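The following exercises concern a single protein model. Please examine the sequence and the structure before reading each solution.

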Amino acid sequence: MSELHILGVDLAKRTFAACGTCNDGYVIFRKKLTRPQFEKMLSDLPPCIVAMEACSSAHHWGRMARAAGHDVRLIPPLYVKPFVKRYKNDAIDAEAIAEATSRPSIRTVAVKDEDQQAQAVLVRTRELFVRQRTQLINAVRAHLAEYGIILPQQRRNGHAFASRCRVELDAAPSGVANTVQAYLRQIESVDTEVAALDVKIKKGALRNEKARRMQTMPGIGPMSAMAIQAFCPPTENFRKGRDFAAWLGLVPRQHSTGGKERLGRITKMGQRDVRKLLIIGAMSVISASERKGHCDDPWLGRMLARRPRMVVAVALANRMARQLWAMLTKRCDYDIRAAA
């Protein structure tokens with residue numbers, strides 16, 4: 001164990017596979033461990049590099065390994081796959097994780113603390129409830145359409161939809177009306193939970209200094225600010241704003257060869273939730289400028305005159321990501337004059 005340099009761990013729900021390697025990269029041991037055994041092993045081992053795939057429960061075990069004095073490396077699964085030899089099992093995966101970690105140019109994922117993960121749970125829970133509310137409303141509209149009752153697409157206010165639906169239920173058979181009443185009670189319940197989560201997110205965004213700073217930018221609200229805080233690593237981890245935009249998947253995909261640069265659509269390789277919210281925020285900025293009849297940002301005005309709205313929205317989201325990196329790194333609020 002004194003020669004141990006990297007401990008590669010293939011995480012699972014109950015049984016973990018561990019592979020220890022020395023400085024030369026040779027395998028010292030392979031072990032199959034349960035959860036209590038793995039926890040005891042982390043406390044007994046001398047300080048070393050503990051490498052795991054960035055997957056479910058990885059941040060929990062990363063915090064535990066860090067508390068035991070180890071250097072934690074979370075590797076994206078996409079970077080581990082090329083090092084898997086021939087067949088696939090837990091022991092081979094653990095060895096591949098250790099092999100990938102030994103590469104000096106490999107990129108890692110920052111370990112999240114408990115508060116950051118709690119914010120992520122809040123944002124993801126609201127997203128799940130909104131999706132369930134939409135599914136329930138669509139189901140009610142589809143069932144009643146079979147009886148000639150056409151209801152409007154009102155997905156953001158469950159209580160208003162339920163009130164409108166109860167007015168139209170007299171034209172439906174009694175059996176269908178009773179079933180739809182169960183849908184409406186569920187819609188109202190989910191709508192109440194979504195409203196409560198919205199209040200929590202807004203209060204959390206007011207208490208957080210970085211979230212308040214991000215909201216000074218047009219197109220960034222409490223939801224976007226809290227999602228960036230929850231899902232993104234510290235901006236100090238990125239060398240420049242373009243690296244942050246690339247991490248979000250907002251830069252063009254390259255397929256260049258022979259000195260010829262070929263740029264395509266955005267990569268979509270990064271954090272999906274934040275990328276989606278930035279594009280939605282960019283669309284809101286474009287819609288607001290169209291309602292006013294002029295753009296405060298000359299760059300945005302020139303882009304809207306030459307390119308389609310959706311293309312401009314993605315370009316603006318890329319620009320917003322770079323500006324957010326600059327705001328958080330330099331600890332300054334948004335300035336429209338500097339942006340222009």
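**Exercise 1.** Which residues in α6 meet which residues in α7?

*Solution.* The model is a predicted one. On the α6 side, the residues are Gly158, His159, Phe161, Ala162, Cys165 and Arg166. Their partners in α7 are Val180, Gln181, Leu184, Ile187, Glu188, Asp191 and Thr192.

**Exercise 2.** Determine how α6 and α7 are oriented relative to each other.

*Solution.* Two packed helices are described by the angle between their axes and the distance between the axes. Step one is to identify the elements: α6 covers residues 158-168 and α7 covers residues 174-207. Step two is to take the values: the packing angle is about 160°, and the axes lie 8 Å apart. Step three applies the cut-off, as angles over 145 degrees count as roughly antiparallel. Therefore α6 is roughly antiparallel to α7. Finally, the crossing of the two helices is left-handed.

**Exercise 3.** Locate Lys268 and Arg331, and state whether each is buried or exposed.

*Solution.* Begin with Lys268, which lies in the loop between β7 (263-266) and α11 (272-292). Although Lys268 is not a glycine, its phi is positive, at about 55°. The relative accessible area of Lys268 is 56%, and exposed means over 50%, so Lys268 is exposed.

Proceed to Arg331, found in the loop between α13 (309-330) and α14 (336-339). Arg331, likewise a residue other than glycine, has a positive phi near 60°. With a relative accessible area of 65%, Arg331 is exposed.

Methods:
Residues numbered from 1 in each chain as written. Predicted model: local features only at pLDDT ≥ 70, side-chain atom pairs only at ≥ 80, totals over all residues. Heavy atoms only, no water. Helix = DSSP H or I, 4+ residues; strand = E, 2+ residues; numbered from the N terminus. Buried < 20%, exposed > 50% of the residue type's maximum accessible area, 1.4 Å probe, protein only. Axes fitted to C-alpha atoms, helices over the stretch in contact; angles between N-to-C directions. Parallel < 35°, antiparallel > 145°, perpendicular 65-115°, else oblique. Left-handed = near helix turned anticlockwise from the far one by under 90°. Contact = heavy atoms within 4.5 Å.
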